[in-house]
Amino acid sequence: MKHYKADMHIHTCLSPCADWGMSPKGIVERCCEKGLDIIAVCDHNSMDNLYAVMQVGEKWGLKVLPGMEICSKEEVHILGLFSEPEQARAMQKYVYAHLPGENKPDFFGYQVIADENDEVMGENPRLLIGATTLGIREIVEKTHALKGLSIASHVDRPAFGLISQLGFIPPDLPLDGVEVSYRISPRKAQKVIPGIKKLPCVTSSDAHYLDDIGRAWTEFIIAAPDFEEICLALQGIRGRRVVLDH
Ligand SMILES: [Zn+2]
Ligand SMILES: [Zn+2]
């Protein structure tokens, strides 16, 4: 078993609210500088830049997991994390079928699709910043049907989180964990945020700018930097675990 540093919530220049500097090469280089071992690309309602970041990550020896930050009809953000890009692609297909609207780049921001050399391939025309017509439970269940992990984003934040939108964490919602932002430590969060004590708690940068990378990460004790090991750590089984204080 080894200690690994993971940041499982990083946006790319595909997210309209993220900086153009969040290019595949820019992200991977900065993550390596910060000593991260595992990251997940989690753009809003899309995974169009995943392959490019994975390709750069492979060159640099950084494990890049497929992910997506899905916005429910209640305006709750939920992270979907997957083992293989095909699973994220299937999730994207499901999300797109329930995501109305078109992007207005001048108003919401550009949604840049890039390749592994940071060349611009095009723009995503959908309203990625918008809410889907999917309920929270539908998102969690679809993620599980695709063998992914479903983690409630930034539950400590005053917007787009389970607590801010619903006022509580539905106890029967089969989440695999909750995420807190860099503003609070998981240890403190478990003391002060009602309803999360029993759930595995991770923290991520939710980076939209290169300078955000490294402001929070989760430390895992696992046998290898991969999705299956992270699943075991979240369950706290077979000697794998999340380190709450680091
Ligand atoms: Zn979010
Ligand atoms: Zn985010």
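Lys147 lies in the loop between α5 and β7, helices (H or I, at least four residues) and strands (E, at least two) being DSSP runs numbered from the N terminus. Although Lys147 is not a glycine, its phi is positive, about 65°. This is a predicted model, in which local features need pLDDT of at least 70, side-chain atom pairs count only at pLDDT 80 or more, and totals for chains, interfaces and linings use all residues. Residues are numbered from 1 along each chain as its sequence is written, while chains are lettered from A and ligands numbered from 1 in the order in which they are written.

**Loop residues**

- Lys147 is exposed, with 12 other C-beta atoms within 10 Å. A residue is buried if 20 or more other C-beta atoms lie within 10 Å of its own, exposed if 12 or fewer, and partly exposed in between, with C-beta atoms placed from the backbone.
- Asn45 sits in the loop between β2 and α2. This residue is not a glycine either, yet Asn45 has a positive phi of about 55°.
- Asn45 is buried, having 25 other C-beta atoms within 10 Å.
- Tyr209 belongs to the loop between β9 and β10 (218–222). With 14 other C-beta atoms within 10 Å, Tyr209 is partly exposed.
- Neighbours within four places in sequence aside, Tyr209 is in contact with Asp19 and Gly21; contact requires the C-beta atoms of two residues, placed from the backbone, to lie within 7 Å.
- Tyr209 and Cys13 are 196 residues apart along the chain, and their C-alpha atoms are separated by 9.1 Å.

**Overall fold**

- The protein contains eight helices and eleven strands.
- Its radius of gyration is 16 Å, close to the 18 Å from the globule rule for 246 residues, so the protein is as compact as a globular protein of that length. The radius is taken over C-alpha atoms, and the rule is 2.2 Å times the number of residues to the power 0.38.
- The C-alpha trace spans about 45 × 40 × 30 Å along its principal axes.
- Buried residues make up 48% of the 246 residues.
- Of the contacts with a separation of 6 or more, 70% are between residues 24 or more positions apart.

**The sheet**

- Nine strands make an open sheet of mixed pairing, in the order β9-β8-β7-β4-β3-β2-β1-β10-β11. Two strands pair if DSSP finds at least two bridges between them.
- At the edges stand β9 (201–203) and β11 (241–243), each with a single partner strand, so one side of each has no neighbour in the sheet.
- From one strand to the next, the twist averages 35°. Axes are lines fitted to C-alpha atoms, for helices over the stretch in contact, and angles run from 0 to 180 degrees between N-to-C directions.
- Helix α2 (residues 50–60) packs on the sheet and touches β2 and β3, its direction making about 155° with that of β3.
- Helix α5 (residues 136–145) also packs on the sheet, where it touches β3, β4 and β7 (149–152); the direction of α5 makes about 5° with that of β4.

**Strand β3 and its partners**

- Eight of the nine residues of β3 (residues 63–71) are buried.
- Strand β2 (residues 38–41) pairs with β3 in the parallel sense over four bridges, and Ala40 stands opposite Leu65 in β3.
- The pairing of β3 with β4 (residues 77–81) is antiparallel, over five bridges.
- In β4, Ile78 is the bridge partner of Ile70, and Gly80 is that of Met68.
- β3 and β4 form a hairpin with five residues between them, and Glu75 in the turn has a positive phi of about 60°.

**Helix α2**

- Leu50, Ala52, Val53, Val56 and Gly57 are the buried residues of α2.
- Viewed down the axis of α2, these residues fall within an arc of 165°, so they line one face of the helix. The arc is that of the directions from the helix axis to the C-beta atoms.
- An α-helix has 3.6 residues a turn, so residues three or four places apart point the same way.
- The cover over the buried residues of α2 includes α1 (24–33), β2, β3, α3 (85–96) and β5 (112–114).
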